Amino acid sequence: FFNNVNSKNLAGKTVLVTAGPTYEAIDPVRFIGNHSSGKMGFSIAEEAAKRGAKVILISGPSNQKTENPNIEIHRLTSAKEMFEEVFKHYENCDIAIASAAVADYAPKEIAKEKIKKSDDSLTIELVKNPDILKTMGERKTKQFLVGFALETQNEEENAKGKLEKKNLDAIVLNSLKDEGAGFKNDTNKIKIITKTEMQEFNLKSKDEVAKDILAFIESQILK
Ligand code: CTP
Ligand code: CA
């Protein structure tokens with residue numbers, strides 16, 4: 001049963017997925033961003049749709065595409081825009097999966113004109129972005145809420161901290177320790193952690209990882 005993708009176990013369910021990086025503008029031509037490709041989120045969206053769900057995919061800048069008629073895609077740029085879009089849809093969702101690599105900080109002010117080169121050093125003041133996932137945790141009613149964690153130290157402890165702090169039902173820990181896992185690659189090595197259990201998976205393609213994540217979520221909500 002565990003990996004049976006032929007069964008439309010998510011029929012009638014709405015799944016919200018955040019994906020990709022966010023870009024935070026500095027001036028009209030520059031931004032602060034990160035190397036997230038959006039692949040993991042798009043794979044999750046495809047897999048959820050395969051399992052019968054209606055999917056709302058909310059993505060930052062990414063080259064990934066989908067033609068799946070059961071995936072409604074909303075593309076945007078910044079963390080603030082992602083926040084706004086997410087909360088247009090969140091209330092009606094049954095499952096929410098936050099795989100986006102949201103920028104933690106954004107420039108306090110966006111320069112109206114391209115910043116000219118002048119002094120030997122340049123300081124840009126950054127202010128904290130809203131935490132989209134934490135807000136989803138606060139506004140949770142019926143949703144099964146899944147976050148991601150990317151850690152380079154004390155990974156399990158930090159992931160468990162986020163599970164608690166953001167009021168999540170499960171957190172997917174991305175292991176960067178293994179070569180080939182993470183951001184720019186096509187593969188990931190994950191652990192899924194809940195309040196009561198932990199499951200470790202092998203290094204595999206992001207499409208396969210998406211299957212593991214959706215199978216896990218099904219096992220939790222259908223049990
Ligand atoms: N996240 C979010 N909004 C933010 C920051 C993070 O929705 N402004 C979500 C991510 O999509 C991910 C989870 O929170 O699912 C954890 O992101 P991560 O960067 O690992 O944790 P942070 O809470 O941002 O803490 P830190 O970067 O300091 O480890
Ligand atoms: Ca962060």
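This is a predicted model: local features need pLDDT of at least 70, side-chain atom pairs count only at pLDDT 80 or more; totals for chains, interfaces and linings use all residues.
**Ligand 1**

I started at ligand 1 and found 15 residues around it, the closest being Ala 98, Val 102, Ile 132, Leu 133 and Gly 147. Next I looked up which elements build the shell. Helix 3 (132–138) and strand 9 (144–151) each put in at least two residues. Strand 9 gives the most, with four. I also sorted the shell by residue type and got nine nonpolar, three polar and three charged.

**Leu 16**

Then I went to Leu 16, which sits in strand 1 (residues 14–19). Is Leu 16 buried or exposed? I counted 27 other C-beta atoms within 10 Å of Leu 16, and the cut-off for buried is 20 or more, so Leu 16 is buried. I listed what Leu 16 touches, leaving out residues up to four places away in sequence: Ile 56, Ile 58, Val 86, His 89, Tyr 90, Cys 93 and Ala 96. I checked Gln 143 too: Leu 16 and Gln 143 are 127 residues apart in sequence, yet their C-alpha atoms are 9.8 Å apart in space.

**Whole protein**

Last, I zoomed out. I see five helices and 14 strands in the protein. The C-alpha box along the principal axes is roughly 65 × 35 × 30 Å. Of the 223 residues, 38% are buried. For contacts with a separation of 6 or more, I get 61% between residues 24 or more positions apart.

How values were computed
Residues are numbered from 1 along each chain as its sequence is written. Chains are lettered from A and ligands numbered from 1 in the order in which they are written. A residue is buried if 20 or more other C-beta atoms lie within 10 Å of its own, exposed if 12 or fewer, and partly exposed in between; C-beta atoms are placed from the backbone. Two residues are in contact if their C-beta atoms, placed from the backbone, lie within 7 Å. A residue is near a molecule or strand if its C-beta atom, placed from the backbone, lies within 6 Å of it. Ala, Val, Leu, Ile, Met, Phe, Trp, Tyr, Cys and Pro count as nonpolar, Asp, Glu, Lys and Arg as charged, and the others, Gly among them, as polar.
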